[in-house]
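Please look over the model below before reading my notes. The points are grouped by region.

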Amino acid sequence: MKRILIIEDETVIAEVEKDYLEASGYEVEVAESGVTGLQKAINEQYDLIILDLMLPGVDGFEICKQVRRVKNVPILMVSAKKEDIDKIRGLGLGADDYVIKPFSLGELVARVKAHLTRYDRLTNQARPADELHIRGIRIDRRARKVFVGGEELSLTSKEYDLLLFMALHPNRAFTKSELFEKIWGMDSLGDLATVTVYISKLREKIEPNPSKPQYIETIWGVGYRFNL
Ligand code: CA
């Protein structure tokens, strides 16, 4: 699922945009200040950023400039003033598109969709599917690293293998013996209790509340399932 970051200090606008984009099939996060927005934009992975220009603290101009130094993610700038849009163009900050408030939500989604498609075309040739995004979790397959909410987890090699395998086969129940065979191999030492132990270690690391797991669900009488 594509992840979108909305940087917008007006809560009502942010919420309306979020609801509409979520209903259109996107995963959406909102940052209500320039500082938080900039941090998220730089440290986390998004497929597109909707950036309001007038923000307290760090404004949209500055955010756009700083994000562009390190990322190619499409940036859709939003402003209430036509003059601002001209200014953005003039500054050559590298925003991909501009919309003037008030705009229709249908128009916003159409622009978002167009930029995501274009960006996919550009990056798919250069970048294989080496990153997985599952809600707040990001798996970087090249580096064998996992991030939750932008923070890197410390995982053992087998914990990583188990998480990656399940994340690559979401919404499907696996028995403990299937998982054991996949990750440890049939002839290795250990038994099915190993799987239970590793699942609970993983839950402690990735789940906001390990006793009520959202990602790795127990399917009673079967085994486990990774939920998208
Ligand atoms: Ca604003």
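1. Two strands pair if DSSP finds at least two bridges between them, and helices (H or I, at least four residues) and strands (E, at least two) are DSSP runs, numbered from the N terminus. This is a predicted model, in which local features need pLDDT of at least 70, side-chain atom pairs count only at pLDDT 80 or more, and totals for chains, interfaces and linings use all residues. Residues are numbered from 1 along each chain as its sequence is written, and side-chain values use heavy atoms, with hydrogens and water left out.

2. Three bridges join β10 to β12, and these strands run antiparallel; Thr175 has Gly223 in β12 as its bridge partner. The open sheet of three strands has the order β10-β12-β11, with antiparallel pairing, and its edge strands, β10 (173–175) and β11, each pair on one side only.

3. The calcium ion is coordinated by Asp9 (OD), Asp52 (OD) and Met54 (O) at 2.1 to 2.4 Å, where donors are N, O and S atoms within 2.8 Å of the metal (3.2 Å for Na, K and Ca); water is not among the atoms, so sites may look incomplete. Asp9 lies in the loop between β1 (3–7) and α1 (11–23), whereas Asp52 belongs to strand β3 (residues 48–52), 43 residues apart.
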